[in-house]
Protein chains: 2
Amino acid sequence: MSTHLGRFLRGFRSLGSSPLVRTHPSARVSSRPASVRAIATFPLSIFSKSRDYSLPNSSWGPEMMQLYEHYTSQCEVETAAGEKVGGPWKRLPSYNRSLKYATGGVYLSKIIQSKARLFTRNIREVGAAFEYVLFVNEKEQRCLCLFQAGHLLEGPPGNVHGGAIATMIDTVTGTHATILSGPVMTANLNINYRSPIPLGSTVLIESALEKKEGRKTFVTCKVTSTNGSKVHTESTALFVSINVSHLLLGQ
Amino acid sequence: MSTHLGRFLRGFRSLGSSPLVRTHPSARVSSRPASVRAIATFPLSIFSKSRDYSLPNSSWGPEMMQLYEHYTSQCEVETAAGEKVGGPWKRLPSYNRSLKYATGGVYLSKIIQSKARLFTRNIREVGAAFEYVLFVNEKEQRCLCLFQAGHLLEGPPGNVHGGAIATMIDTVTGTHATILSGPVMTANLNINYRSPIPLGSTVLIESALEKKEGRKTFVTCKVTSTNGSKVHTESTALFVSINVSHLLLGQ
């Protein structure tokens, strides 16, 4: 299985380093196993220089920017009394590292790889590979990702590699499942490719909860053109909830 | 759909630039549509400096090297009369570019992206990302890939991203389907993740033809530890044969 622990653990970083604290699912930590909750007590200052890769940069095209602004404007709304409150959508930050240390002096030798980088954030050049930002709508149990595909993601000439598309589907559905169910592992990805995605395109990736059955979370996911008229892929994903303590303290 | 045209087209380069000419499926060109065959007449010297990424480099660990030598030794065998002939396996070269030009003065503007790089070969640092080499056994209709996963492919802490695994499955099954059926597009990938792959591991990715039905080619694929004892993923892939002329000359 492929685990989706990263998003969950990385969430703790935002407590100390990001202005987006209240937008992050780490707020749900109280329902997690003790071993995970303990991590939140780790001093977070070492992460303070982490770059949030989900923020706009100079490579983002007009389509990407317009959509970003549209959904960002729905993250905070004004009440009739002029008070600003959380809106239906929340933006999720995105870093290029997984958790390296835990609290209590426990050195997680098995998961420490000082050079390791998150696959989707492993290239520094802006615009060259995966440019994306995720928004979650908790009420509707939907997740939305704006994805602009760079020139280093080529598969067939001029188009995005099927594996790069699968990577984004795993990322979006896995993040969504983690928000819905806590730490999970990918158990199945079933992807139907309908039409190629040209390099440089901006597309929408939308995931929705299908159902939860015991430890299983079923999510559906669709990749479309930004106006929704063209379907690029349709997929389903199955995630299984895990107890992360064995992952943190040796397998 | 995700097209697997790259391997097919890139094959033509090896005619002029690689010592592995006889090991490459481009020998099957006579059964391809006219538009594809025509590409073979393009002067190949411009590709002569292409690096073949499937050759060993300093990052390959002992396990990767041992397996590479094992399968390479089966690419050429000696007869009783002392003559060297092709063995059961053939190594496939691997480049980081897709075809950029075609013959006859036709400038393929739609597929030219001068900076574009194949997703699995987009990082120059050896050992950092995807290190792999493919072997094909035409008689047994099997394809085998040796894959060493670098530190930039991280998903869950210390382990390979599910999307990076999907990328390799798409690469191996897509290459295999192209050898079996000519130019194809990925129509479906269905992946069951059984156990995580630690960063730095070398694993085997084996694909086998399940069946061919008209334009459809069904391939199965398994990712295991090098001794076969541990199953990491089991998957199926469906490819649909395409006429590539519309891809080359505008869609």
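Which residues does Thr171(B) touch, not counting residues up to four places away in sequence? Thr171(B) touches His161(A), Thr120(B) and Tyr132(B). Contact here means heavy atoms within 4.5 Å.

Some ground rules before I go on. This is a predicted model, where local features need pLDDT of at least 70, side-chain atom pairs count only at pLDDT 80 or more, and totals for chains, interfaces and linings use all residues. Residues are numbered from 1 along each chain as its sequence is written, chains are lettered from A and ligands numbered from 1 in the order in which they are written, and side-chain values use heavy atoms, with hydrogens and water left out.

Now, confidence. pLDDT is the predictor's confidence in each residue, from 0 to 100. Chain A has a mean pLDDT of 79, and 72% of its residues reach 70 or more. Residues 10-48 of chain A are below 50, yet that stretch has 72 contacts in the model beyond near neighbours in sequence. Residues 100-112 of chain A are also below 50, with 27 such contacts.

Back to Thr171(B). It sits in helix H4 of chain B, residues 162-181. Helices (H or I, at least four residues) and strands (E, at least two) are DSSP runs, numbered from the N terminus. Is Thr171(B) buried or exposed? Its relative accessible area is 10%, so it is buried. The cut-offs are these: buried is under 20% relative accessible area, exposed is over 50%, and partly exposed is in between, with a 1.4 Å probe and protein chains only.

Next, the strands of chain B. Strand E6(B), residues 142-149, has seven of its eight residues buried. E5(B), residues 130-137, runs antiparallel to E6(B), and eight bridges join them. Two strands pair if DSSP finds at least two bridges between them. Tyr132(B) has Phe147(B) as its bridge partner in E6(B). Four residues lie between the strands of this hairpin, and Gln141(B) takes a positive phi near 50°. E6(B) also joins E8(B), residues 202-213, through seven bridges, again antiparallel. There, Cys145(B) stands opposite Ile205(B).

Over to chain A, and helix H3(A), residues 62-72. Its buried residues are Met64(A), Leu67(A), Tyr68(A) and Tyr71(A). An α-helix has 3.6 residues a turn, so residues three or four places apart point the same way. The face turned away from the buried side carries the exposed Pro62(A) and Gln66(A). What covers the buried residues of H3(A) includes strands E4, E5, E6 and E8 of chain A.

One residue in E5 of chain A is Val133(A). Val133(A) is buried, with a relative accessible area of 0%. Leaving aside neighbours within four places in sequence, its contacts include Tyr68(A), Arg91(A) and Cys145(A). Arg91(A) is 42 residues apart from Val133(A) along the chain, but their C-alpha atoms are separated by 7.5 Å.

Last, the cysteines. A disulfide is a pair of cysteine sulfur atoms within 2.5 Å. How many disulfides are there over all chains? The count comes to zero. Take Cys221(A): the closest cysteine sulfur, in Cys145(A), is 8.7 Å from its own, too far for a bond. Cys221(A) is buried, at 4% relative accessibility. Cys75(A) also counts as buried, at 11%.
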